[in-house]
Amino acid sequence: AIWVKPCIIPYIDSDDELAAVLSHEIAHGVDTYEGIFRGYISILNYWVSPNKYDLKADKLAVDYMVNAGYKPLALITIMNKIGKKYFKGKLLDLGCGNVPYYAWYKDSVEDNICVDWADTYHKNDYLDVVHDISQDLPFKDEEFDSILSSAVLEHIYDPQHMIKECYRVLKKGGYLTISSNLSYWEHEAPYDYLRHTQYFFK
C-alpha cells in the first residue's frame, strides 16, 4: 500500500505530478527495505547550486517515472508548489542532516540557517550552527519566518520542549513544518526515543 500525505493531495494538478508523488513514496520505501540508511529523496538528478548543497536526485524515483512514460520534472513542480506556501523569508532547517530538502525550499526563501548536532550521523558540510537541538535554541524570539524539521522529533527525548522553542523563535504568522516517524525501525541508536501519532500533533 502507498500512503500519500493528505496535505499534498490539493497540490496535485496532473498525472505527472501524481506519478511524482507516488514515485517519491515508492522509492523511499524501497530505500528503507533495502537498508539504505539515507532513506530520503533528493528530488531530481541535477545540480541544485554551483556553490553549496550539490545534491543529486534519487535516481530510482526518476527511473520509475521515465519507465512509466511520465515527466520527472514534475518532481520539482509539485514540491515547489508546496514550498511556496509554507516556506518564506528566513528559514530555520532544524536537525537538517545532509540538507535533503534544500531543493524544496531554496526558491521560496530569502535565507536559510542549517542547524544540527555536532555528532550527527549524517555527513554535513553545510552546517551554519552546531547545536544540541534538544536544548534551548540559540536564536532570538521571532527570528524566523518559517521552520522545517523533518524526521527529527523522534530523536528528542523531550519533544514538547523543542516544539515550544520552535514557536518562540518563529514569527507570528510564520509556518512550522514538522514531521516524525510513526512506523520505522530503530535508527541512529541510542538517540531514538519516540514515535508520534497524528494525535500528538493535534
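A search of the whole structure, which is a predicted model, finds nine salt bridges. A salt bridge is a side-chain nitrogen of Lys or Arg within 4 Å of a carboxyl oxygen of Asp or Glu. Side chains of opposite charge can pair when their charged atoms come close. Residues are numbered from 1 along each chain as its sequence is written, and side-chain values use heavy atoms, with hydrogens and water left out. In this predicted model, local features need pLDDT of at least 70 and side-chain atom pairs count only at pLDDT 80 or more, while totals for chains, interfaces and linings use all residues.

**Salt bridges**

- Lys81 and Glu17 meet through their side chains in a salt bridge (2.8 Å, N to O). Lys81 lies in helix α3 (residues 74–86) and Glu17 in helix α1, so this pair ties together parts that are 64 residues apart in sequence. Helices (H or I, at least four residues) and strands (E, at least two) are DSSP runs, numbered from the N terminus.
- Lys81 is partly exposed at 26% relative accessibility, whereas Glu17 is buried at 9%. Buried means under 20% relative accessible area, exposed over 50%, and partly exposed in between (1.4 Å probe, protein chains only).
- A salt bridge of 2.9 Å (N to O) joins the side chains of Glu142 and Lys172. Glu142 is in the loop between β3 (129–130) and β4, and Lys172 is in strand β5 (residues 170–179), so that distant parts of the chain, 30 residues apart, are linked.
- Glu142 is partly exposed, with 37% relative accessibility, and Lys172 is exposed, with 72%.
- Asp145 and Lys171 form a salt bridge between their side chains (3.3 Å, N to O). Since Asp145 lies in strand β4 and Lys171 in strand β5, the pair ties together parts that are 26 residues apart in sequence.
- Asp145 is buried, with a relative accessible area of 17%, while Lys171 counts as partly exposed at 32%.

- Ser150 lies in strand β4 (residues 144–150) and counts as buried at 19% relative accessibility.
- The side chain of Ser150 makes a polar contact with that of Ser179 (3.2 Å). A polar contact is a pair of N or O atoms within 3.5 Å; within protein, one must be able to donate a hydrogen and the other to accept it, and residues adjacent in sequence count only if both atoms are side-chain atoms.

- The buried residues of α3 are Ala74, Leu75, Ile76, Ile78, Met79, Asn80, Ile82 and Gly83.
- The largest nonpolar core has 23 residues, and those with the most contacts inside it are Ile78, Phe87 and Tyr105. Such a core is a set of buried Ala, Val, Leu, Ile, Met, Phe, Trp, Tyr and Cys residues joined through side-chain atoms within 4.5 Å.
- Two or more residues of this core come from each of α1, α2 (59–67), α3 and α4 (102–105). Helix α3 gives the largest share, five residues.

**A surface patch**

- Leu18, Leu22 and Ile26 form a nonpolar patch on the surface, with about 200 Å² of accessible area together. Patches are made of residues with over 30% relative accessible area and no salt bridge, with like charges joined within 9 Å and nonpolar side chains (Val, Leu, Ile, Met, Phe, Trp, Tyr) within 5 Å. Accessible areas come from the Shrake-Rupley method with a 1.4 Å probe; for residues, only the protein chains shown count as cover.
- Ile26 is found in helix α1 (residues 15–33) and is partly exposed, with a relative accessible area of 33%.
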